[in-house]
Structure formats: structure tokens, C-alpha cells
Amino acid sequence: MYALERKLSINKDLKQKYSAFIKEFFSQGHMEVVPDKENSISNPDSYILQHHCVFKEHISTTELRVVFDAS
């Protein structure tokens, strides 16, 4: 997460596109706010997926991809 935060702090365009993606993903119901530790223990059906973003400025169709690591 620290690497992603550092990457986003350097590239403002990437941060804007990443934020838009996350907001859209949230609004579609694919993710939800993580409860605090006490509540997450009582809900074993909750998962946190690590992810990172791939940004390629020279590709016009999909500049930003968010890759989830569910291994």
C-alpha cells in the first residue's frame, strides 16, 4: 500500500484516474468499507484484496488497469 501511495503522490493524473476507478467500483457494489478489527473478526465472509495499478499513457483505450491479487 505504501508503494501505491507513493506512486499516486508523484503522478497527479494517475491519482485522479485511480480515484475515479475506485469510486466507480465502489458505486457498482463490488466493494465496501472495511469494518474495524472487532467487526471483521465476527464476519468471516469479508476479504481484503491487495491491488496495484498499471498506467500506460501511450495506450488510448485503457490507460489505467487495476490488478487485484487474490492468490
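Which residues does Leu 8 touch, not counting residues up to four places away in sequence? I started my notebook with that one, and found that Leu 8 touches Leu 14, Lys 15 and Tyr 18. A reminder to myself before going on: this is a predicted model.

**Entry: the overall layout**

I looked up the elements next. The protein has 3 helices and 2 strands, and from the N terminus on they run α-α-α-β-β. Among contacts with a separation of 6 or more, 37% join residues 24 or more positions apart.

**Entry: H1 against H2**

I looked at how helix H1 (residues 2–10) sits against helix H2 (residues 12–27), and their axes come within 5 Å and cross at roughly 120 degrees. I noted the angle and the distance together because two packed helices are described by both, taken between their axes.

Then I listed who meets whom. From H1 there are Leu 4, Lys 7, Leu 8, Ser 9 and Ile 10, and they meet Lys 12, Leu 14, Lys 15 and Tyr 18 of H2. By type, the residues of this contact divide into 5 nonpolar, 1 polar and 3 charged.

**Entry: the core**

Which residues form the largest nonpolar core? I found 9 of them: Leu 4, Leu 8, Leu 14, Tyr 18, Ile 22, Cys 53, Phe 55, Leu 64 and Val 66. The elements that give two or more residues to this core are H1, H2, strand S1 (50–55) and strand S2 (64–69). H2 supplies the largest share, 3 residues. I jotted down the general background too: in soluble globular proteins, nonpolar side chains tend to be buried together.

**Entry: buried and exposed**

I wanted totals to go with the core. Of the 71 residues in the protein, 13% are buried. The protein exposes about 6,200 Å², and carbon and sulfur atoms supply 54% of that area.

**Entry: Gln 50**

Is Gln 50 buried or exposed? Gln 50 counts as exposed, because its relative accessibility is 58% and the cut-off for exposed is over 50%. I still found partners for Gln 50: leaving aside neighbours within four places in sequence, Gln 50 is in contact with Val 67, Phe 68 and Asp 69. I also checked Gln 50 against Ser 71, which is 21 residues apart from it along the chain, and their C-alpha atoms are separated by 9.6 Å.

Technical notes: Residues are numbered from 1 along each chain as its sequence is written. This is a predicted model: local features need pLDDT of at least 70, side-chain atom pairs count only at pLDDT 80 or more; totals for chains, interfaces and linings use all residues. Side-chain values use heavy atoms; hydrogens and water are left out. Axes are lines fitted to C-alpha atoms, for helices over the stretch in contact, and angles run from 0 to 180 degrees between N-to-C directions. Helices (H or I, at least four residues) and strands (E, at least two) are DSSP runs, numbered from the N terminus. Contact means heavy atoms within 4.5 Å. Ala, Val, Leu, Ile, Met, Phe, Trp, Tyr, Cys and Pro count as nonpolar, Asp, Glu, Lys and Arg as charged, and the others, Gly among them, as polar. Buried means under 20% relative accessible area, exposed over 50%, partly exposed in between (1.4 Å probe, protein chains only). Accessible areas come from the Shrake-Rupley method with a 1.4 Å probe; for residues, only the protein chains shown count as cover. A nonpolar core is a set of buried Ala, Val, Leu, Ile, Met, Phe, Trp, Tyr and Cys residues joined through side-chain atoms within 4.5 Å.
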